[in-house]
There are 2 protein chains.
Amino acid sequence: MDLITELRAALGGKAVLTGAADRAGFEADWRRLYNYPALCVVLPETVEQVAAAVKLCGAKGMGIVPQGGNTGLVAGGVPVAGGDQVVLSLARMRRIRGTDTVSDTMIVEAGVTLVAVQEAAASVQRLFPVSLGAEGTAQIGGLISTNAGGVQVLSYGSMRVQVLGLEVVLPDGAVWNGLRALRKDNTGFDLKQIFIGAEGMLGIITAACLRLYPPVTSQATALVGVASITGAMAVFQALRARAGAALTLCEFIARPAMELAAAHVPAGRLPFPAGAYVLAELSAHGPGENMDGALEEVLAAALEAGVATDAVIAQSGRERADMLALREAVPEGELKEGGAVKHDIAVPLGAIPATVVAIEELVGRKYPDCRLNIFGHMGDGNLHVNIRPPVGQSLAVLGDRKVQITRDVEDLAVAQGGSFSAEHGIGQMRLDGMRAHKSAVELGLMRALKRAIDPAGLFNPGKMIPEEDETA
Amino acid sequence: MDLITELRAALGGKAVLTGAADRAGFEADWRRLYNYPALCVVLPETVEQVAAAVKLCGAKGMGIVPQGGNTGLVAGGVPVAGGDQVVLSLARMRRIRGTDTVSDTMIVEAGVTLVAVQEAAASVQRLFPVSLGAEGTAQIGGLISTNAGGVQVLSYGSMRVQVLGLEVVLPDGAVWNGLRALRKDNTGFDLKQIFIGAEGMLGIITAACLRLYPPVTSQATALVGVASITGAMAVFQALRARAGAALTLCEFIARPAMELAAAHVPAGRLPFPAGAYVLAELSAHGPGENMDGALEEVLAAALEAGVATDAVIAQSGRERADMLALREAVPEGELKEGGAVKHDIAVPLGAIPATVVAIEELVGRKYPDCRLNIFGHMGDGNLHVNIRPPVGQSLAVLGDRKVQITRDVEDLAVAQGGSFSAEHGIGQMRLDGMRAHKSAVELGLMRALKRAIDPAGLFNPGKMIPEEDETA
């Protein structure tokens with residue numbers, strides 16, 4: 001029997017898509033930069049069906065590409081060129097298996113969207129704090145497999161921190177039931193850690209036990225104008241010192257990024273002129289509690305010292321929503337204006353100002369016709385460094401220069417002690433960065449880990465780790 | 001040349017201890033329950049010396065036992081019986097390589113004590129939040145290798161969360177320089193995660209980049225009396241809902257544990273009678289800020305509702321210190337009164353009351369002559385379940401019953417969806433638990449990981465993972 005027939009027999013005919021039109025949405029990545037055919041797409045509904053599909057593919061030596069909401073930005077969840085592969089979508093595993101408001105945990109299947117998790121938590125007066133632009137589509141399995149970040153990492157941590165337990169199908173089709181709801185468990189190697197952020201290279205996450213938090217009852221939100229990144233850093237440091245973990249959001253938005261956003265939100269306009277902007281939020285718990293005073297105090301001192309040039313505190317939920325919408329509109333505005341060569345770097349917090357200055361200098365010197373769009377999660381040292389094509393021209397015009405631009409930005413980040421992929425991962429798109437920046441020792445460890453868990457190279461072939469001979 | 005001669009030639013004579021008296025302090029574990037001879041003790045001062053020692057031992061197939069402050073409670077850092085092994089102590093690697101108060105990071109070598117890290121952070125107005133009883137002796141390398149916990153995990157997380165980067169010597173003597181200072185870095189497998197909590201089975205941690213926090217400027221601390229564990233849980237839940245991450249300490253102390261402590265602190269006395277006690281602290285940042293009002297509000301409501309039976313809020317730094325000293329004195333009091341068969345379990349938060357009741361029932365039914373001493377980190381679901389020998393008798397009297405007691409307590413924890421070792425790890429002492437409670441899939445994954453990184457089984461042989469034939 002051929003593999004498709006076997007998969008249909010095991011999972012049912014509707015769970016296996018083979019027609020080109022049916023497969024299309026699973027083959028192209030979010031940004032439609034990568035688009036290679038899959039042998040078929042399987043849509044299991046249970047962990048047993050995932051395991052069955054993995055065993056059948058394994059017996060034929062067929063590579064499997066696990067896929068969540070397909071919102072990734074590095075083409076990690078779609079097939080690579082030149083090889084038959086099966087896309088295994090977790091989209092139909094979308095049950096919330098249980099919520100426990102005493103333990104503050106929720107067990108969800110891989111295909112549940114981030115918004116659905118946030119809403120389920122809110123419905124029982126709890127917070128699930130991971131928040132990012134694609135949250136309506138991104139699925140928990142993919143978010144865990146990519147260790148997703150977003151805008152509240154500085155206070156709550158990335159997806160890794162939210163995971164208490166996992167259920168994982170291994171390359172041999174065995175199921176590891178590690179769905180624990182424990183805050184502490186030092187019984188041997190902490191196996192869930194090797195699957196989190198592993199981009200599906202070691203196992204297929206089918207369910208997770210997530211950590212919930214007490215709900216925030218009020219927020220104090222401000223948009224702050226500063227002269228430059230140096231002022232932005234000073235505002236961030238003052239807020240963090242004053243508020244600790246209550247500083248739940250601190251975004252940097254360079255002026256060109258703010259202009260892009262303002263032009264593309266309904267009734268959007270630049271709130272006030274400034275060299276650059278900081279969007280910050282402090283959160284409070286408990287009835288009657290608020291962080292308004294703390295926020296006012298820090299901003300007054302910053303204005304007094306000339307560190308901040310302007311500041312607006314949201315006076316209502318509506319004003320707050322408008323401020324957050326401005327930040328969220330930056331990528332959308334960029335896309336509508338023709339896109340960009342995008343990068344997602346991280347540097348030590350102290351290196352943020354020097355990095356921004358160096359990037360501005362790089363673009364001015366080497367790519368003076370291009371336009372820099374820079375913004376990011378300041379509290380994490382995470383900057384989205386996007387280089388837009390010349391005015392009136394499309395991204396395609398940049399042609400081969402795109403590769404050099406990416407190399408230059410990545411080199412610059414690494415020279416600052418930084419990362420060339422802070423939260424987006426490697427997938428297919430950042431393999432050049434792995435070749436350029438990872439030591440032989442580090443690549444050797446990654447390959448050893450991959451071989452130990454997936455000796456046949458069945459899961460997500462061609463992703464994350466460059467082939468050995470390529471870097472020899 | 002024999003190994004000792006080679007080690008002396010490479011590291012210098014003073015770095016290699018061979019005399020029985022010199023070795024003694026490195027061979028017995030903290031509680032002196034395990035004491036087996038080592039071939040020698042090596043005390044390297046640099047990462048290069050660690051690598052050299054590893055290579056020399058590896059060439060002779062000699063097992064290496066990495067050791068930190070030797071304060072572990074499961075004999076993970078001392079030799080096992082019946083085999084020549086070299087103890088490699090990191091005690092002489094005690095430099096603080098750098099502190100950065102903008103990035104809020106500190107790079108320390110493995111042999112730096114936890115207190116030294118706390119003090120170095122405090123000296124630059126920063127907080128390093130991990131805090132535990134052995135902090136004056138415990139070393140950072142050991143704390144990371146055991147993913148240590150302590151009393152502030154509920155707010156700040158365990159050691160795993162504090163580690164941004166690692167420098168590790170691998171079993172082949174190669175050095176992995178992963179000393180990054182990044183809050184986000186998704187470039188391939190997050191390799192540091194496999195070494196954290198690995199008890200030295202995969203690599204020898206020689207240095208770490210740690211995360212620092214803004215200092216807490218004031219604390220509101222209370223000792224609360226409750227009728228039972230149910231009341232304690234209600235107080236915890238109310239505090240967490242009200243304070244979020246500002247609830248930085250929430251300890252449960254059963255009445256017998258409090259009596260033990262009170263009898264053994266200077267001028268100690270039971271602060272007030274109660275069925276059980278909760279020690280809680282809320283922390284604030286910023287000048288003039290405090291959490292007194294929030295604490296009073298929650299406690300007033302708890303007293304009003306009859307959930308709390310009594311409560312005292314510390315009115316001075318001295319009163320706060322006395323309260324914390326009472327909690328810290330529990331293990332000391334227990335030891336002075338003859339010790340106990342100790343356990344360190346964790347359960348989902350919601351299962352805490354049922355677990356405490358079940359343990360009381362177990363001891364009453366099966367070990368009525370023994371005395372239960374139970375206390376722990378309530379916010380983590382982590383209970384120290386210690387069974388003391390009959391009045392006036394020594395621990396030795398329990399003889400073989402100790403094994404059964406441990407089995408019963410571990411079974412009970414696992415039956416509640418819990419862990420049989422929450423923060424202490426496995427070492428030599430909890431191998432029975434691994435045999436009893438870990439699935440074949442999970443042990444298989446651990447063995448695969450161990451073989452992949454340390455195929456010759458050079459690092460910490462005989463620890464953590466039971467031999468394959470033992471569990472077949």
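Is Arg327(A) buried or exposed, and at what relative accessibility? Arg327(A) counts as buried, at 6% relative accessibility. The model is predicted, and the values below are computed from it.

The side chain of Arg327(A) meets that of Glu251(A) in a salt bridge, with 2.5 Å from N to O. The two residues come from distant parts of the chain: Glu251(A) belongs to strand β11 (residues 247-254) of chain A, Arg327(A) to helix α12 (residues 317-336) of chain A, and 76 residues separate them. Glu251(A) has a relative accessible area of 1%. Because buried means under 20% relative accessible area, Glu251(A) at 1% is buried.

In chain B, Arg327(B) is placed in helix α12 (residues 317-336) of that chain. Arg327(B) has a relative accessible area of 7% and is buried. Its side chain makes a polar contact with the side chain of Glu251(B), at 2.6 Å. Apart from neighbours within four places in sequence, the residues in contact with Arg327(B) are Glu251(B), Ile253(B), Leu279(B), Phe375(B), His377(B) and His384(B). Phe252(B) is 75 residues from Arg327(B) along the chain, and the C-alpha atoms of these two residues are 9.1 Å apart.

**Salt bridges**

Over all chains the structure holds 58 salt bridges.

| Residue | Partner | N to O distance |
|---|---|---|
| Glu251(A) | Arg327(A) | 2.5 Å |
| Arg180(A) | Glu442(B) | 2.6 Å |
| Lys60(B) | Glu6(B) | 3.1 Å |
| Glu410(B) | Arg430(B) | 3.8 Å |

In chain B, Lys60(B) and Glu6(B) form a salt bridge whose closest N and O atoms are 3.1 Å apart. Lys60(B) is in the loop between α3 (47-59) and β3 (63-67) of chain B, whereas Glu6(B) is in helix α1 (residues 3-11) of chain B, so the pair ties together parts 54 residues apart in sequence. Lys60(B) counts as partly exposed at 42% relative accessibility, while Glu6(B), at 17%, counts as buried.

Glu410(B) and Arg430(B) meet through their side chains in a salt bridge of 3.8 Å, N to O. This pair also links distant parts of the chain, with Glu410(B) in helix α14 (residues 401-415) of chain B and Arg430(B) in the loop between α14 and α15 (431-437) of chain B, 20 residues apart. Both Glu410(B) and Arg430(B) are buried. In chain A, salt bridges with shared partners join Arg95(A), Arg97(A), Glu109(A) and Glu167(A) into one network.

**Strands of chain A**

Glu167(A), a member of that network, stands opposite Ala207(A) in β9(A). Strand β7 (residues 163-169) of chain A is joined to β9(A) by 6 bridges, and the two run antiparallel. Strand β6 (residues 105-109) of chain A also runs antiparallel to β9(A), with 5 bridges between them. Here Val108(A) stands opposite Ala208(A). Strand β9 (residues 204-211) of chain A is mostly covered, with 7 of its 8 residues buried.

Another group of 4 strands in chain A forms an open sheet of mixed pairing, in the order β1-β2-β4-β3. β1 (16-17) and β3 (63-67) of chain A each have a single partner strand and stand at the edges, so one side of each lacks a neighbour in the sheet. Between them in the order, strand β2 (residues 40-42) and strand β4 (residues 85-89) of chain A run parallel and are joined by 3 bridges. Cys40(A) has Val86(A) in β4(A) as its bridge partner.

**The interface of chains A and B**

Contact between the chains involves 80 residues of chain B and 80 residues of chain A. Together the chains bury about 6,000 Å², of which 63% is on carbon and sulfur atoms. On the side of chain B, Lys184(B), Asn186(B) and Phe189(B) lose the most area to chain A, together 16% of what that side buries.

Between chain B and chain A there are 12 salt bridges. One of these joins Arg180(A) to Glu442(B), with the closest N and O atoms 2.6 Å apart. On the side of chain B that touches chain A, the elements giving two or more residues are β8 (175-178), α8 (192-195), α9 (229-243) and α16 (440-453) of chain B. The largest share, 9 residues, comes from α16(B). By type, the residues of this side are 39 nonpolar, 25 polar and 16 charged.

Notes: Residues are numbered from 1 along each chain as its sequence is written. Chains are lettered from A and ligands numbered from 1 in the order in which they are written. This is a predicted model: local features need pLDDT of at least 70, side-chain atom pairs count only at pLDDT 80 or more; totals for chains, interfaces and linings use all residues. Side-chain values use heavy atoms; hydrogens and water are left out. Contact means heavy atoms within 4.5 Å. Buried area is the accessible area (1.4 Å probe) that two parts lose on being put together, summed over both. A salt bridge is a side-chain nitrogen of Lys or Arg within 4 Å of a carboxyl oxygen of Asp or Glu. Ala, Val, Leu, Ile, Met, Phe, Trp, Tyr, Cys and Pro count as nonpolar, Asp, Glu, Lys and Arg as charged, and the others, Gly among them, as polar. Buried means under 20% relative accessible area, exposed over 50%, partly exposed in between (1.4 Å probe, protein chains only). Two strands pair if DSSP finds at least two bridges between them. A polar contact is a pair of N or O atoms within 3.5 Å; within protein, one must be able to donate a hydrogen and the other to accept it, and residues adjacent in sequence count only if both atoms are side-chain atoms.
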